[in-house]
Amino acid sequence: ELFTIIGVAPKQFTGTFAGAHIDVWVSITEIRWLGADVLTDRQRPSVHFIARLKNNISQDRASAVLNATAQQLERGYPRTESKRTGVEIVEATLLHGGLRKGVSIFLTLMLAVSGLVILTSLANVANLVLISAAGKRGEIAVRFALGAGRFSIFRQFLIENLLLTLSGGVTAFFLSMWCGTIIHSLNPIPSIPLQFDLGPDPRVFLFLVILSAIMGVLLGLVPQLQFRNSSLLPALQTEPGRATSSREGSRLRSAFVICQVAVSLVLLIGAALFFQSLRNAQFMSSGFEPERGLAVDVDL
């Protein structure tokens with residue numbers, strides 16, 4: 001087939017369908033290899049167009065006009081097999097129709113799982129912060145006795161935990177870039193070149209920094225809850241180097257442990273159900289013996 005090139009798209013433009021790696025776009029009038037009646041056969045299920053709406057034309061108005069035209073065509077050229085009629089106008093997104101809904105549900109579920117993992121990590125680190133604060137109980141008691149205010153103590157824990165969470169967030173960002181490269185190389189359909197942009201996104205990095213800062217502030221508040229109502233006098237009376245722990249601090253640590261175990265249990269049960277579903281799908285009866293079978297696609 002001979003074609004005339006009328007334009008070259010930018011390198012970063014990958015089409016209007018997510019994941020599809022398209023090399024060439026061809027005019028609809030030049031697709032003769034699909035059949036001589038490809039443009040006149042009204043039994044074909046669907047045709048997708050991309051268009052721009054004028055500034056003074058709403059999506060509802062355009063839909064009404066196009067559906068009226070489709071009804072006129074239906075009366076003039078009735079179809080016998082397909083009962084689908086009309087025109088549906090949707091926003092130009094990378095995922096269309098039911099595919100968009102399914103992917104949105106899956107990604108929402110993955111986001112919820114990620115949130116549970118973050119919650120588990122926060123409870124784990126909060127426990128470590130409480131243990132570290134208990135070890136500094138004598139130091140904090142001496143500082144209070146010398147006239148230090150609660151804000152200066154809070155500022156110390158805040159700076160320590162911000163450094164901890166921000167360094168962890170930056171490390172996680174670079175680990176996600178590395179994992180994205182591995183995921184990109186795992187193409188489940190080798191015959192179809194898939195293309196997804198899994199590179200670093202400034203919005204993701206900004207979200208990660210904000211989330212890390214919020215976690216750092218929350219972790220900075222944890223020791224304040226431990227020392228809020230407890231007396232620091234026993235800490236001054238203990239032997240040097242010996243950590244003491246208040247009853248309130250023990251309750252906080254117990255609460256964090258319970259939270260961590262509960263969320264981890266939910267994640268483990270969900271993972272077990274997921275793998276069980278995969279196993280059931282793998283061994284589901286197909287109605288025939290698939291061993292030594294071969295699927296062949298013949299294109300004449």
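This is a predicted model: local features need pLDDT of at least 70, side-chain atom pairs count only at pLDDT 80 or more; totals for chains, interfaces and linings use all residues.
## The overall layout

Stepping back, the protein has seven helices and two strands. Followed along the sequence, they come in the order β-α-α-α-α-β-α-α-α. So much for the order of elements; now for burial and surface.

Of the 300 residues, 18% count as buried. The protein exposes about 23400 Å², and carbon and sulfur atoms supply 65% of that area. As for contacts, take those between residues at least 6 apart in sequence: 71% of them join residues at least 24 apart.

## Helix 3 against helix 4

Two packed helices are described by the angle between their axes and the distance between the axes. Here helix 3 (residues 137–145) and helix 4 (residues 150–185) have axes that come within 10 Å and cross at roughly 145°. The crossing of helix 3 past helix 4 is right-handed. On the helix 3 side, the contact is made by Glu 139, Ile 140, Arg 143 and Phe 144. Helix 4 brings Arg 150, Ser 152, Ile 153, Gln 156 and Phe 157 to that contact.

Gln 156 sits in helix 4 and is buried, since its relative accessible area is 17% and the cut-off is under 20%. If you skip residues up to four places away in sequence, Gln 156 touches Lys 136, Glu 139 and Arg 143. Phe 157, also in helix 4, counts as buried because its relative accessibility is 2%. And what lies 63 residues away in sequence from Phe 157 but 5.1 Å away in space? That's Gly 220, going from C-alpha to C-alpha.

Is Glu 74 buried or exposed? Glu 74 counts as buried, because its relative accessibility is 18% and the cut-off is under 20%. This residue has its place in helix 1, residues 59–76.

Which residues does Glu 74 meet once neighbours within four places in sequence are left aside? The contacts of Glu 74 are with Arg 42, Arg 79 and Thr 85.

## Ser 132 and Pro 223

Back in helix 2, there's Ser 132. Ser 132 is partly exposed, with a relative accessible area of 37%. In sequence, Ser 132 and Pro 223 are 91 residues apart, yet their C-alpha atoms are 9.1 Å apart in space.

## Arg 292 after helix 7

Helix 7 covers 247–282, and Arg 292 lies in the segment after it. Most residues other than glycine have a negative phi, and most peptide bonds are trans. Against that background, Arg 292 has a positive phi, near 60°, and isn't a glycine.

How does Arg 292 count for accessibility, buried or exposed? Arg 292 counts as exposed, because its relative accessibility is 86% and the cut-off for exposed is over 50%.

Notes: Residues are numbered from 1 along each chain as its sequence is written. Side-chain values use heavy atoms; hydrogens and water are left out. Helices (H or I, at least four residues) and strands (E, at least two) are DSSP runs, numbered from the N terminus. Buried means under 20% relative accessible area, exposed over 50%, partly exposed in between (1.4 Å probe, protein chains only). Contact means heavy atoms within 4.5 Å. Axes are lines fitted to C-alpha atoms, for helices over the stretch in contact, and angles run from 0 to 180 degrees between N-to-C directions. A crossing is left-handed if the near helix is turned anticlockwise from the far one by less than a right angle, and right-handed if clockwise. Accessible areas come from the Shrake-Rupley method with a 1.4 Å probe; for residues, only the protein chains shown count as cover.
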